[in-house]
Amino acid sequence: MRVQFVLQEIWIGLRRNMTMTISLVITVAIAMALFGTGLLLRQQVSASKSYWYDKIEVSIFLCAKTSSNPVCQKQDVTDQQRETLKAQLAKMPQVSDVQYENKQQAYTRFKDRFAGSPGFVESTREGDIPDSFRVKLKNPEEYKAVAQAMLNQPGVDSVINEQEILKRFFRILNGLQVAALTIALIQVIAAVMLVGNTVRLSAFNRRRETGIMRLVGASNTYIQLPFILEGAIAGLIGGLFASVLLIFSKKLLVDRLAGDVQLVSQLGWSVVILVIIVSICFGVLLCAVSSFLTLRRYLRI
């Protein structure tokens with residue numbers, strides 16, 4: 001009987017405040033979707049860092065006739081310079097492996113890496129990418145020692161550390177994550193305010209019923225429970241809508257990012273499901289706690 005009464009009161013409250021309930025559901029859905037997107041981007045960055053930082057190499061590009069570096073003097077690197085550089089690299093304690101890559105090999109690897117961007121590949125011709133040494137470091141953080149030793153050496157055009165490229169790219173992803181979480185925080189504040197207003201309006205509309213319940217000896221918990229569950233149900237519905245938005249976010253943002261940008265590893269569905277569960281639970285908890293605090297702070301029922 002008590003369960004039936006509570007459910008009946010919940011239905012009455014939701015029906016009387018239908019407009020505000022719909023607004024609350026929409027606000028919670030957007031907030032939780034942005035919150036979940038921020039979590040997905042965070043997981044994407046972490047997974048990509050773990051995957052790519054172990055594969056980071058230092059590229060030492062050698063002189064070519066097209067080089068703009070004055071050290072090269074518009075001449076190709078000689079065989080003697082190439083062998084000398086390779087011997088120097090092999091002796092360095094920071095280096096674990098050295099691979100020479102000629103122009104043809106570099107162009108083939110370039111086409112494989114950017115196969116998903118045909119326009120970019122077509123604008124690059126064989127020979128545009130100079131010969132290079134691809135150096136694997138024992139510790140990627142020791143890049144500066146290798147760079148300083150190789151810069152201005154005869155036959156060296158430039159030294160590029162892939163870690164610096166990755167860091168700039170991951171800073172962009174971190175910026176997207178911060179933006180999503182910031183907007184989500186604003187939406188959460190709006191949701192809390194909506195919950196408070198909805199609960200206060202619902203309690204005011206039912207002040208006669210709650211007054212009678214108090215007169216017959218009903219406890220505060222029993223009186224407040226329908227209002228708290230109203231907020232929790234609205235949060236649950238909003239969280240379910242947010243889960244749909246997160247699936248689209250995974251398809252349209254994260255997967256496309258992984259497909260178009262070769263630096264990003266694919267994010268599995270297990271992570272997405274976990275983020276969806278966390279977002280739904282957070283939405284329900286947010287609305288339930290907001291309802292409870294509103295009743296305790298503003299209302300005497």
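Analyst: One term before we start: a helix here is a DSSP run of H or I with at least four residues, and helices are numbered from the N terminus. Just after helix H6, Asn152 takes a positive phi of about 70 degrees. Keep in mind that this is a predicted model.

User: OK, stay on H6. Which of its residues are buried?
Analyst: H6 covers residues 143–150, and its buried residues are Tyr143, Val146, Ala147 and Met150. Seen down the axis of H6, they fall within an arc of 100 degrees, so they line one face of the helix.

User: Why would residues spaced like that point the same way?
Analyst: An α-helix has 3.6 residues a turn, so residues three or four places apart point the same way.

User: And what is on the other side of H6?
Analyst: Lys144 and Gln148 are there, and both are exposed.

User: New topic. How many disulfides does a search of the whole structure find?
Analyst: One. Cys63 and Cys72 form it, with their sulfur atoms 2.1 Å apart.

User: Left-handed or right-handed?
Analyst: The torsion about the S-S bond of Cys63 and Cys72 is about -75 degrees, so the disulfide is left-handed.

User: Are those two cysteines buried or exposed?
Analyst: Cys63 and Cys72 are both buried.

User: What about Cys287, buried or exposed?
Analyst: Cys287 has a relative accessible area of 0%, so it is buried. Cys281 counts as partly exposed because its relative accessibility is 48%, and exposed would need over 50%.

Note on methods:
Residues are numbered from 1 along each chain as its sequence is written. This is a predicted model: local features need pLDDT of at least 70, side-chain atom pairs count only at pLDDT 80 or more; totals for chains, interfaces and linings use all residues. Side-chain values use heavy atoms; hydrogens and water are left out. A disulfide is a pair of cysteine sulfur atoms within 2.5 Å. Buried means under 20% relative accessible area, exposed over 50%, partly exposed in between (1.4 Å probe, protein chains only). Helices (H or I, at least four residues) and strands (E, at least two) are DSSP runs, numbered from the N terminus. The arc is that of the directions from the helix axis to the C-beta atoms.
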